[in-house]
Amino acid sequence: MQPIVQIENLTKEFKGKRAVDNVSFTLEPGEIVAILGPNGAGKSTTILMMLGLLKPSSGEAKLFQADPGSRAVHERIGVMLQQVSLMDALKVKELLALFQSYYPNPLSMEKLVELTGMTTEELNKRTEKLSGGQKRRVGFALALAGNPDLLFFDEPTVGMDSSARKQFWLTVKELAAQGKTILFSTHYLQEADDIASRIILFKQGKVIADGSPMELKQSLLRQSISFKVNETTNKEVLMSLQDVLAVLEDQGRFTVMTENPDHVLRKLFELDMKLEEVAIEKGRLEDAFEQLTVEQEVS
Amino acid sequence: MSMLLREFKVEVIRIFRNPYFIFWSLLMPIVFYVIFTKVVNQGMENQAEWNALFLMSIAAFSVMGSAIMTLGIRMVQEKSEGWTTLLQVTPLPASYYFISKMVGQSAVHIFSIGIIFLSGFLINGVTMPIGEWILCGLWILLGSAPFLAMGLLVGTMKKVDTASGVSNVFYLLLAITGGLWMPMEVLPKLIQTIGMWLPAFHYGNGAWAIVRGDSPEIKNVLILVMYLLLFMVLSVYSRRKQEVV
């Protein structure tokens, strides 16, 4: 199957500072993908470039093997941007009808109401009289209006209360079950873990991990023991130890990857090797996750 | 085509639902008209002609204002709030956005002109041959093109406050120096000289000529066309410059 989204070496510089640094990934149809990362990690910038709203400094983004700015692409995507803004002086249902008219095969009004849980009262309200949460819901409906194959949500649940959040994700899962591809950004670890089938972890403009939530959690547990040994050591000997996942060698320094450093360390000493400059390091993912957790405690 | 038509309809609906439009483009000009024909300037030599001439000034004043302000400020607002960004990822062609806004605005102007002409008839019994009414209306409608282009230029500004401040000042200055509030002849010589090179006087003058039974001067048309081109070029240039991100 052809990938729906293809991103190659996407880079964006603002005044010499790299907001997005050489990012590449592809999305297959039916995936629910979370772009996870702390604020300022380059999530929104990446999404804006994928949508053709921002010109990359270098690299390329393609949707459905085409330029993201083309009309053919626009007919197949639905977007909810971080800041939801609605045309004023219109009733919600008038605005929805206008958006439906933009697309060749729009969803029916009944379907939109059903998916987003809007009330009749809300449909008849002028957009400028809606609360923040209601506006988000209309923004969601606008994204769905064209019955898109690919949906983009940039920090969709910011400003939603917990019940709105629940309803939103329930609908997203339903849409994914219908075969739609969904890409959303979030800085909530929990959300990415609960909803996404795949997490792309961003840190300082770079992708530092990409995989299923399960895989990511596993590699999070992974730690490394590094040391120098005087006598010549066989890599195979180290590999054969229980719980060792990988062994790297760099200028006489060995790095042993494991989920169980205590055990491996014990085994190393049992082998009676003369270890020097021993260091135990946490996985590099941990840093990123810690940053996420700290941020959530603050906010 | 149906997409453009719907977009146009929505723009018209939105303008009519805007209380500022009703106040500034309809109510204010009519109040002005009453003040300058019923309260001030009473008992003039040729009161009937003054009533008709000033009706044209006030209609031009109304249309000019809504062309510059309603159009421009609304565009800035939609851009700064991010609505325009969302539209960019829908299949709606960008040109439809501009066309429907300008055509919608013009359609509303037909309504404004009608209401103001009607109030001239009701308030002061202004009468003219039907052909002249229509010609005056057409002149005011078509002659508003440079001001719509000016609205587009205002629409490229970044902040709503700047846009509304700047366009208000330009609007009032243009109206005064163009003789739309009081006749050119009573203004200081210097202002008259400057005003002769600005679009508002030529806009009003075409309609005044028709009321007097003449036709608009070539110079009126040329100057309005020149300003139309100038504002179009400036707004396209300014939009291009902003696009390169």
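Two residues are in contact if their C-beta atoms, placed from the backbone, lie within 7 Å. The model is predicted: local features need pLDDT of at least 70 and side-chain atom pairs count only at pLDDT 80 or more, while totals for chains, interfaces and linings use all residues. Residues are numbered from 1 along each chain as its sequence is written, and chains are lettered from A and ligands numbered from 1 in the order in which they are written.

**View 1. The interface between chain A and chain B.** Here 20 residues of chain A are in contact with 17 residues of chain B. On the chain A side, α2 (71–74) and β5 (77–80) each supply at least two residues. That side has 13 nonpolar, four polar and three charged residues (nonpolar: Ala, Val, Leu, Ile, Met, Phe, Trp, Tyr, Cys and Pro; charged: Asp, Glu, Lys and Arg; polar: the others, Gly among them).

**View 2. The surroundings of Pro56(A).** Pro56(A) sits in the loop between α1 (43–50) and β4 (58–63) of chain A. Pro56(A) counts as buried because it has 22 C-beta neighbours inside 10 Å; the cut-off for buried is 20 or more other C-beta atoms within 10 Å. Leaving out residues up to four places away in sequence, Pro56(A) touches Leu10(A), Thr11(A), Lys12(A), Met49(A) and Ala61(A).

**View 3. Pro56(A) and Lys91(A).** These residues are 35 residues apart along the chain, and their C-alpha atoms are separated by 37 Å.

**View 4. The fold of chain A.** Chain A has 12 helices and 13 strands, which are DSSP runs numbered from the N terminus (helices: H or I, at least four residues; strands: E, at least two). Of its 299 residues, 35% are buried.

Conventions
Buried ≥ 20, exposed ≤ 12 C-beta atoms within 10 Å, placed from the backbone.
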